[in-house]
Amino acid sequence: MPSAPSLTERLRRLAPEAIAFGIIGAGNTLLYMAITYVALPIGAVKASVIGTVITTTLAYLANRYWTYRHHTRTALRREYTLFFGFNLIGMVIQSGMVAIGKYGFGLTEEHDELLFLGVTLIGIAIATVFRFWAYRTFVFLKPPVDGHEGAITEMDATAGFAELSAADVPGSAAELDTRLKR
């Protein structure tokens with residue numbers, strides 16, 4: 001029976017996802033700030049909503065086709081709805097930290113700018129860890145690795161057919177399955 005992968009092995013496999021996720025997040029944060037700034041004349045709330053919808057959509061597409069490109073694809077509506085929902089929860093976490101600073105610790109915008117930035121950064125860090133976990137756990141599903149290639153076919157026909165037709169490719173699940181059946 002194979003042993004569980006070591007922590008360093010798990011982190012080594014997780015690092016490319018985390019780096020891609022971070023690059024997308026940083027780029028979208030800058031884009032959000034730019035969109036909000038440009039749209040500010042129509043109102044702060046409207047500008048924030050426009051910036052949020054645009055950057056969330058772009059973040060979904062970038063994560064779907066770059067960060068989690070090797071994960072099983074499910075229905076676009078399902079993925080995007082979960083992605084947007086988890087982004088809203090992340091926004092509540094971030095805003096909640098600011099609210100705790102303001103109402104719980106009595107910070108004021110006039111006198112505690114640096115403390116507000118610190119509280120905001122803590123909120124962003126907690127929300128980022130939450131989003132990363134939620135996306136990889138609920139939104140972008142990992143393909144099954146237990147030999148049930150039929151389940152892959154049902155989730156994503158193209159990937160499933162490619163996997164099932166790879167019986168002659170050394171190391172593929174289909175090749176292993178063919179060898180085990182002999």
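Is Trp133 buried, partly exposed or exposed, and what is its relative accessibility?

## Basis of the model

This is a predicted model, in which local features need pLDDT of at least 70 and side-chain atom pairs count only at pLDDT 80 or more, while totals for chains, interfaces and linings use all residues. Residues are numbered from 1 along each chain as its sequence is written, and side-chain values use heavy atoms, with hydrogens and water left out.

## Trp133 and Phe138

Trp133 has 42% relative accessibility and therefore counts as partly exposed, a class lying between buried (under 20% relative accessible area) and exposed (over 50%), with a 1.4 Å probe and protein chains only. Phe138, at a relative accessible area of 36%, is partly exposed.

## Aromatic pairs

The structure holds 14 aromatic pairs, where rings of Phe, Tyr and Trp (its six-membered ring) pair if their centres lie within 6.5 Å, and planes under 30 degrees apart count as stacked, over 60 as edge-to-face and the rest as tilted. Phe83 and Tyr135 are stacked, because their ring centres are 4.3 Å apart and their planes are at 20°. This pair links distant parts of the chain, with Phe83 in helix H3 (residues 76-104) and Tyr135 in helix H4 (residues 113-139), 52 residues apart; helices here are DSSP runs (H or I, at least four residues), numbered from the N terminus. Phe83 is buried at 0% relative accessibility, and Tyr135 is buried at 2%.

The rings of Trp133 and Phe138, by contrast, have centres 5.3 Å apart and planes at 85°, so this pair is edge-to-face. One aromatic cluster includes Phe21, Tyr60, Phe83 and Tyr135.

Terms used
Helices (H or I, at least four residues) and strands (E, at least two) are DSSP runs, numbered from the N terminus.
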